[in-house]
Structure formats: C-alpha cells, structure tokens
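Welcome, and thanks for taking a look at this protein with us. Please have the sequence and the model side by side as you read.

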Amino acid sequence: MVLPLPKLVAASFTGALAYGLYLATLLVCLRWLLFRGKDDGCPWGSLRKACEIRWTILFTTFLIFACTTVYVALVLHETMEAAWEATTHTPPPTPSQIVWRSIVICTTANVVVLSADAILIYRCWVVYGKRLLIVVFPSFFWLGALVCTILQIYLQDAHVHNPSISPYRWAAVSMSFGPGIVLLPFWISTVLLNAYATAALIRRIYGPAKNVRQYISVKHLHLAIRIIAESGLLNLSITFAHLLVWFGDKEFPVTIIGMLNAPVTGIAFNWFLLRFEQTKAENIAATDSGSNGPNLTTIQFDTSLLSTQESRNTSPQESPIHFISLSDAELGHPMQGKETGISPP
C-alpha cells in the first residue's frame with residue numbers, strides 16, 4: 001500500500017524537521033565529547049587528547065548519526081520519486097522498485113534504537129558498580145530486540161523473492177509497512193528495557209539523596225534525576241507510540257511515527273550527554289572562580305555510600321560522600337572515589 005502524495009510529503013516534512021533538531025543536538029554533543037572547556041579565547045575550547053575521549057560513546061554517537069541520516073535520506077528519496085510520478089505521470093528517472101530500500105529503512109531504524117539501548121544498559125552497569133545482576137533483565141530484552149531485527153531482515157528479504165509470505169492475514173497488527181508481527185515484540189522489548197533502565201538509574205541516585213539530604217546539599221543529585229528523566233521520558237514516549245501504531249489499520253500513523261522515531265531517539269541520546277557535560281563544565285568553572293555552588297558530579301556512585309543509619313550516627317564534618325566519575329569509568333581509568341565538599345543544605 002502506497003500513501004497518497006500529500007500524506008507522504010507531510011510525513012517526510014515532519015521527519016525532516018525532527019532530523020534538523022537532531023543535528024543541532026548532535027553538534028553540541030560533539031562539542032562536549034571532543035573539546036574541553038573554553039580556553040585561549042576559543043569558543044569550543046581545546047581539542048581533547050586521544051586518551052581523554054570516550055571512544056565507545058563517540059562511536060555510538062556517529063553510528064546513530066549514520067543510521068538516522070541513511071533512514072531519512074531513503075524516505076525522502078521515496079517521497080521525491082512519488083512526487084515526480086504524480087506531477088509528470090511518468091516513471092522516475094531512477095528505478096522506483098528498489099528491493100533493498102525497505103529492508104535498509106527498517107534495519108537502520110532498529111540499529112538506532114539498539115545502539116541507544118546498549119549505552120543505557122552500560123550506564124546502569126557502571127552506576128551500580130558493574131554488578132551483572134542489575135543488567136540481566138534489560139540485556140534479555142535487548143537480545144530479544146536484536147533477534148527480532150534479524151528476523152525482520154529475513155522476512156523482508158524472503159518477501160522480495162516470494163510476495164505471498166507477507167502480509168499475514170492472521171496477524172492483528174499492521175503488515176503493510178514492514179513485518180509488524182516481528183516489529184511488535186521488538187517495540188515491546190524496547191519499551192520495557194527503557195522503562196526499567198531509566199527507573200533503575202533514578203532509583204540509584206534518589207536513594208543516596210534521600211539518605212543524606214539532612215546533612216548536605218543534594219541539589220546536584222536532583223538535577224541528575226531531572227536530566228535522566230528528561231532523556232528517558234523522551235525516548236520512552238516515542239518507542240511507546242511506535243508500539244501502539246502497529247495495532248491500527250492505517251499506514252499514515254506508522255509512517256509519521258516511524259519518521260520521528262530515529263531522530264527523536266538520537267535527540268534523547270544526545271540530550272543526556274550534553275546536559276550532563278555542560279552542567280559539569282559550568283560547575284567546574286564556578287568552582288575555579290571561587291563560587292560556593294554545589295558541584296554536579298556524574299551519575300556513578302561508590303558502593304560505600306552512607307546508609308541512613310550511618311548518616312544519623314556521623315557528624316556532618318565526618319560524612320564524606322564518594323562519587324565515581326562516569327567519564328573516568330568510560331575511559332577505563334581506575335574507579336576511585338572522588339570526595340565532594342560537604343556543606344549544610
């Protein structure tokens with residue numbers, strides 16, 4: 001089923017706007033990944049040394065960018081072919097039946113989601129002191145989503161050679177825009193993974209903040225919770241919407257949500273990075289200038305965080321709280337506690 005040209009143009013325009021916003025967040029994100037704070041009059045600061053760059057995060061950032069760009073480009077190419085045919089009543093100059101286009105479109109969209117989810121699982125693993133038990137649940141759903149992606153590629157390739165394979169009349173989900181019977185469990189796995197990982201990160205920070213708030217300022221921890229919630233809710237909302245549209249019988253909602261999914265997932269991924277890095281840099285600058293504002297640390301906590309009972313039995317002057325830098329963990333540096341200054345709330 002092919003959408004009417006006006007609806008196809010509307011979906012492509014919406015996706016292009018989302019892609020533009022994604023590019024804006026990508027540039028800011030790369031600024032914090034590749035450059036230090038402002039110095040020597042350079043607005044972007046000096047370039048980081050190779051040992052200071054978080055290569056895993058940088059590679060994932062570029063992978064999401066490449067897949068999102070390919071996805072948007074192929075959909076726009078399809079739209080331009082439809083517009084050419086509608087206005088000239090002749091076939092487009094290039095062949096309109098590109099057998100691999102639908103496979104690449106679906107696969108790149110899935111790779112964007114899998115990449116972002118893999119980093120989310122990694123952050124949970126680091127934040128919880130590299131305990132494997134905490135990531136067993138999300139890893140199971142991530143592997144399930146990966147298997148669904150492989151099945152999706154197989155079914156779409158099989159459909160090219162034997163069109164009778166799809167759509168499945170017994171499937172209660174949309175099959176006109178990709179193999180919905182496979183993508184349905186993919187999006188269920190993604191929704192559950194994002195909900196679990198985001199809640200786990202917030203819980204890890206909220207517990208220490210609640211235990212020690214009567215002795216020290218926890219504004220920096222509350223800010224960290226807000227940043228995680230912003231990124232998590234943005235990611236969860238688009239994946240949940242993508243799950244719901246497969247139960248409808250209209251292709252337009254599937255198309256427009258599909259166009260939004262990859263850029264919005266990239267925006268959520270970049271938002272998490274740039275918000276943490278920018279706020280951390282601002283607090284470092286405030287500390288260097290002699291400000292007494294609270295220091296924002298990254299989200300990895302030492303396992304020796306004080307319990308509520310220990311906090312009650314220790315005076316404020318003897319209550320050091322240790323934070324482990326997520327940046328150091330990603331760089332492979334020893335995870336040593338970093339003691340913060342303590343001041344009354």
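## Overall make-up

Residues 24 or more positions apart supply 70% of the contacts in the protein that have a separation of 6 or more. Please keep in mind that this is a predicted model.

The protein holds nine helices and three strands. Following the sequence, their order is α-α-α-α-α-α-α-β-α-β-α-β.

## Surface and interior

How much of the protein is buried? Of its 345 residues, 46% are buried. The accessible surface of the protein is about 17200 Å², and carbon and sulfur atoms account for 67% of that area.

## Helix 1 against helix 2

Let us turn to how the helices pack. Helix 1, residues 5–34, packs with helix 2, residues 55–88, at an angle of about 160°, and their axes are 10 Å apart. Since angles over 145 degrees count as roughly antiparallel, helix 1 is therefore roughly antiparallel to helix 2. The crossing of these two helices, helix 1 and helix 2, is left-handed. Sorted by class, the residues in the contact of helix 1 with helix 2 are 21 nonpolar, five polar and one charged.

Helix 1 also carries Arg31. Is Arg31 buried or exposed? Its relative accessibility is 7%, so Arg31 counts as buried. Along the sequence, Arg31 and Gln278 are 247 residues apart, yet in space their C-alpha atoms are 9.8 Å apart.

## Helix 2 against helix 3

Helix 2 also packs with helix 3, which covers residues 101–127. Here the angle is about 155° and the axes lie 9 Å apart. Helix 2 and helix 3 are therefore roughly antiparallel to each other. What is the handedness of the crossing of helix 2 and helix 3? The crossing is left-handed. The contact of helix 2 with helix 3 is made up, by class, of 15 nonpolar, six polar and three charged residues.

## A loop residue with positive phi

Moving on from helix 3, have a look at Lys130, which sits in the loop between helix 3 and helix 4 (133–161). The phi angle of Lys130 is near 60°, which is a positive value in a residue other than glycine. Lys130 has a relative accessibility of 36%, so this residue counts as partly exposed.

Ser189 is part of helix 5, which runs over residues 180–212. Why does Ser189 count as buried? Its relative accessibility is 9%, and the cut-off for buried is under 20%. Leaving aside residues up to four places away in sequence, Ser189 touches Phe141 and Ala145.

Val254 belongs to helix 7, residues 251–288. At 0% relative accessibility, Val254 therefore counts as buried. Val254 and Ala241 are 13 residues apart along the chain, and 9.3 Å separates their C-alpha atoms.

## Points to take along

- Helix 1 and helix 2, with their left-handed crossing and 21 nonpolar residues in the contact.
- Helix 2 and helix 3, with axes 9 Å apart.
- Arg31 and Gln278, at 9.8 Å from C-alpha to C-alpha.
- Lys130, in the loop between helix 3 and helix 4, with its positive phi.
- Ser189 in helix 5, touching Phe141 and Ala145.
- Val254 in helix 7, at 0% relative accessibility.

Technical notes
Residues numbered from 1 in each chain as written. Predicted model: local features only at pLDDT ≥ 70, side-chain atom pairs only at ≥ 80, totals over all residues. Heavy atoms only, no water. Helix = DSSP H or I, 4+ residues; strand = E, 2+ residues; numbered from the N terminus. Buried < 20%, exposed > 50% of the residue type's maximum accessible area, 1.4 Å probe, protein only. Contact = heavy atoms within 4.5 Å. Areas by Shrake-Rupley, 256 points an atom, 1.4 Å probe, with all protein chains shown as cover. Axes fitted to C-alpha atoms, helices over the stretch in contact; angles between N-to-C directions. Parallel < 35°, antiparallel > 145°, perpendicular 65-115°, else oblique. Left-handed = near helix turned anticlockwise from the far one by under 90°. Nonpolar A, V, L, I, M, F, W, Y, C, P; charged D, E, K, R; others polar.
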